[in-house]
Amino acid sequence: MTMHTLTVAEAICEGLREEMERDPRVFLMGEDVGAIGGIFATSRGLQEKFGPERVRDAPISEAAIVGYAIGAAVAGLRPVVECGGFVDFLSLTMDQIVNQAAKLRYMFGGKGTVPIVIRAAQGTGVKLAAQHSQSLEAWFAHIPGLIVVCPSTPADAKGLLLAAIRNPNPVIFLEHKMLYFVKGDVPDGEGLERIGVAARRREGTDVTLCSYSLMTHRCLEAADLLGQRGVSCEVIDLRTIRPWDKTALLDSVRKTHRLAVVHEAVRSFGAGAEIAATVMDEAFDELDAPVLRIAAHDIPMPFNDTLERETVPTVERIVEAVEKLG
Amino acid sequence: MVTTPKDLDGLPAAKWVELYTLMVRIRQFEERIMPLLKEGKIRGTAHPSVGQEAVAAGVCGVLEPRDYIVSNHRGHGHCIAKGMKTPEMMAELFAKATGSNKGKGGSMHIADLDQYIIGCTGIVGSGAPIAGGAALSAKMQKTGQAVVCFFGDGAINQGVVFESMNMAAIWRLPVIFVCENNLYALSTPAEKMTALKKLSDRAQGFGMPGFQVPGNELRTVARFTREALERARAGHGPTFLECKTYRWYGHSAMRPDTRAYRAAEEEAEWRKRDPIALAERELGEAGLLDAEKIAEIGRAIAKEIDVAVAFAERSPEPALAEMFTDVYAPF
């Protein structure tokens with residue numbers, strides 16, 4: 001397969017452009033998506049190409065942006081929306097996401113679909129403090145009816161975005177601020193990926209590191225260091241949080257018998273708890289050690305550089321914790 | 001166009017009889033479910049719209065079949081007026097497999113996309129952006145459809161309603177925001193919760209036309225709706241209609257009591273302005289209805305509701321496995 005190199009931001013932009021070319025029902029709506037291509041420049045140039053109707057600048061009205069997307073989707077369009085870019089702002093849209101988008105089809109007895117994609121950026125690294133740095137995937141993953149995607153590479157960002165836009169269900173598409181400028185190979189052509197399928201990023205025999213989004217990269221770095229110290233790590237990138245690829249993870253755990261789940265969201269009631277509980281339910285006898293959760297401390301994100309860095313899992317913290325697994 | 005003597009306000013006689021019949025159907029449907037709720041044959045709750053029939057019929061009755069509506073928790077009337085069949089609605093209230101929503105939605109979430117009813121919602125004001133989005137779809141796809149968003153006076157102070165009205169105005173979307181001002185949000189008087197004398201004045205702040213409409217007058221509601229539809233379809237954007245009306249009964253089956261917040265005299269006064277009696281008088285004077293026709297319609301609808309109740313009663317419960325279906329569309 002021939003490849004080209006893109007950043008995650010460029011890969012998202014390429015995916016949006018190709019989907020809009022392929023399907024006239026697809027349109028973008030959100031704050032500042034036009035002239036500047038969104039706060040993270042993920043739709044750069046698209047308004048020039050497709051015009052202000054299909055790349056639609058919206059007022060700062062996050063709840064209505066999502067609600068409008070729902071109405072437009074039920075009526076036959078395929079909206080992709082951005083609510084000011086930051087996932088933190090989706091707190092303003094929770095009624096529309098949780099009570100409407102996720103439930104309409106069920107409440108209506110299977111009539112209608114809500115094919116919307118809500119894109120938002122998560123995570124730390126840009127020193128924007130507690131209201132612009134959260135990782136909220138567990139909020140959305142807790143709601144039956146939603147799909148939650150957290151890509152970690154340019155190829156996945158594009159391939160899973162295509163899958164999200166074509167999916168008939170509401171998809172929360174969570175990008176990471178620190179990944180937007182990360183470069184990687186993206187397949188020429190469509191490069192469609194499947195929702196709900198994990199990727200094994202590194203093979204290993206002693207410990208499984210299960211992660212997604214930016215933390216996948218930290219796990220890979222940690223795996224290098226641990227490898228030098230004689231611990232062979234397998235790294236599973238879930239890519240999708242709901243539905244998550246239980247089969248791939250259980251297969252890995254049956255091989256390594258040790259598991260650490262690593263995420264940037266706070267530890268309590270996070271995705272790691274669900275994953276750990278599931279592995280204990282279904283593969284308890286395979287485990288040689290308790291399942292480890294390596295996650296952000298249970299605090300709002302501090303502004304200070306050092307405090308921010310130490311709040312979320314660092315490579316050092318992952319290495320240290322995994323070494324203690326024995 | 002040739003106007004026959006039986007035309008009224010530019011609508012043919014048959015249309016007025018149809019609108020009147022819708023009102024009777026709503027009234028009888030609502031009146032019939034109240035004892036069924038008390039008996040426990042209908043579980044949960046329901047929010048009867050008795051007294052407000054002229055809004056539902058006057059608005060929905062003049063829409064095109066492909067126009068959308070989005071309704072709220074007090075939505076039976078809107079759905080009936082938009083063309084839903086009473087047996088499947090009644091079966092839904094009975095939570096039966098044959099209900100419009102397969103028994104998974106109930107009174108507050110009745111929907112029928114085949115009739116372009118995007119559904120009722122139980123979160124106050126939450127339908128406004130969904131209606132706006134349907135209107136955006138209509139505009140972008142140039143379908144010529146219009147959208148009606150029903151909400152109550154209680155929703156008038158919800159932020160998302162403001163956001164939605166603003167977006168509809170800046171994008172000149174074909175949507176009509178119909179506020180049924182029945183004077184009380186559950187127990188709270190609308191006049192105590194806004195500093196405005198007329199809720200319709202809110203429209204000015206969004207740069208859209210707004211009108212206060214006597215909501216118990218079928219003819220007036222229909223006239224304002226048709227004018228708003230003309231603006232919508234001509235690309236002139238949204239309209240806000242505040243239809244002043246009154247619910248005869250309590251907020252819901254759970255809270256049927258009203259005495260703590262409104263006086264018996266006030267209730268009696270509004271009952272004198274019964275929208276159905278008013279329509280009978282007006283349409284009668286115009287020679288479109290007579291006592292015989294009124295009695296005939298009443299009997300026919302009573303029979304129809306009997307059929308709906310019987311259908312609901314004999315319908316099966318949903319199979320247990322149904323609880324796991326429809327969470328996701330297949331992908």
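Student: How many of the 326 residues of chain A count as buried, and how is that decided?

Tutor: The general idea is to count neighbours, and a residue is called buried if 20 or more other C-beta atoms lie within 10 Å of its own. In this predicted model, 59% of the 326 residues of chain A count as buried.

Student: What does the radius of gyration of chain A say beside that of a compact globule?

Tutor: A compact globule with 326 residues would have a radius of gyration near 20 Å, and chain A, at 19 Å, agrees with that expectation. Taken along the principal axes, the C-alpha atoms of chain A fill a box of roughly 60 × 45 × 40 Å. Chain A contains twelve helices and 14 strands. When contacts between residues at least 6 apart in sequence are considered in chain A, 78% of them join residues at least 24 apart.

Student: Which peptide bond in chain A is cis, and where does its proline lie?

Tutor: The angle to read is omega, and the bond from R242(A) to P243(A) is cis, with omega near -5 degrees. P243(A) belongs to the loop that runs between strand 12 (240–242) and helix 9 (246–256) of chain A.

Student: Which residue of chain A other than glycine has a positive phi, and is it buried or partly exposed?

Tutor: The residue is F269(A), whose phi is near 60 degrees, and it sits in the loop between strand 13 (259–266) and helix 10 (271–283) of chain A. F269(A) counts as partly exposed because it has 13 C-beta neighbours inside 10 Å. In chain B, L183(B) is likewise not a glycine and has a positive phi of about 80 degrees. L183(B) is placed in the loop between strand 4 (175–181) and strand 5 (184–185) of chain B, and with 18 C-beta neighbours inside 10 Å it counts as partly exposed.

Student: How does helix 1 of chain B pack with helix 2 of chain B?

Tutor: Helix 1 and helix 2 (residues 53–60) of chain B pack at an angle of about 140 degrees, with their axes 9 Å apart, so helix 1 of chain B is oblique to helix 2 of chain B. Helix 1 of chain B passes helix 2 of chain B in a right-handed crossing. Helix 1 of chain B contributes L19(B), L22(B), M23(B), I26(B) and R27(B), while helix 2 of chain B contributes E53(B), A54(B), A56(B), A57(B) and G58(B). The residues of this contact of helix 1 with helix 2 of chain B comprise seven nonpolar, one polar and two charged.

Student: How many residues of chain B are in contact with chain A, and which element of chain B gives the largest share?

Tutor: An interface can be read by listing the residues in contact on each side, and here 36 residues of chain B are in contact with 36 residues of chain A. Strand 2 (117–120), helix 5 (127–140) and helix 6 (159–170) of chain B are the elements that give two or more residues to the side that touches chain A. Helix 5 of chain B provides the largest share of that side, ten residues. By class, the side of chain B that touches chain A has 18 nonpolar, 14 polar and four charged residues.

Student: Where is H109(B), and which residues does it touch?

Tutor: H109(B) lies in the loop between helix 4 (86–93) and strand 2 of chain B, and H109(B) is buried because 23 other C-beta atoms are within 10 Å. Leaving out residues up to four places away in sequence, H109(B) touches M107(A) as well as N101(B), G119(B), C120(B) and G122(B).

Notes: Residues are numbered from 1 along each chain as its sequence is written. Chains are lettered from A and ligands numbered from 1 in the order in which they are written. This is a predicted model: local features need pLDDT of at least 70, side-chain atom pairs count only at pLDDT 80 or more; totals for chains, interfaces and linings use all residues. Two residues are in contact if their C-beta atoms, placed from the backbone, lie within 7 Å. Helices (H or I, at least four residues) and strands (E, at least two) are DSSP runs, numbered from the N terminus. Ala, Val, Leu, Ile, Met, Phe, Trp, Tyr, Cys and Pro count as nonpolar, Asp, Glu, Lys and Arg as charged, and the others, Gly among them, as polar. A residue is buried if 20 or more other C-beta atoms lie within 10 Å of its own, exposed if 12 or fewer, and partly exposed in between; C-beta atoms are placed from the backbone. The radius of gyration is taken over C-alpha atoms; the globule rule is 2.2 Å times the number of residues to the power 0.38. Axes are lines fitted to C-alpha atoms, for helices over the stretch in contact, and angles run from 0 to 180 degrees between N-to-C directions. Angles under 35 degrees count as roughly parallel, over 145 as roughly antiparallel, 65 to 115 as roughly perpendicular and the rest as oblique. A crossing is left-handed if the near helix is turned anticlockwise from the far one by less than a right angle, and right-handed if clockwise.
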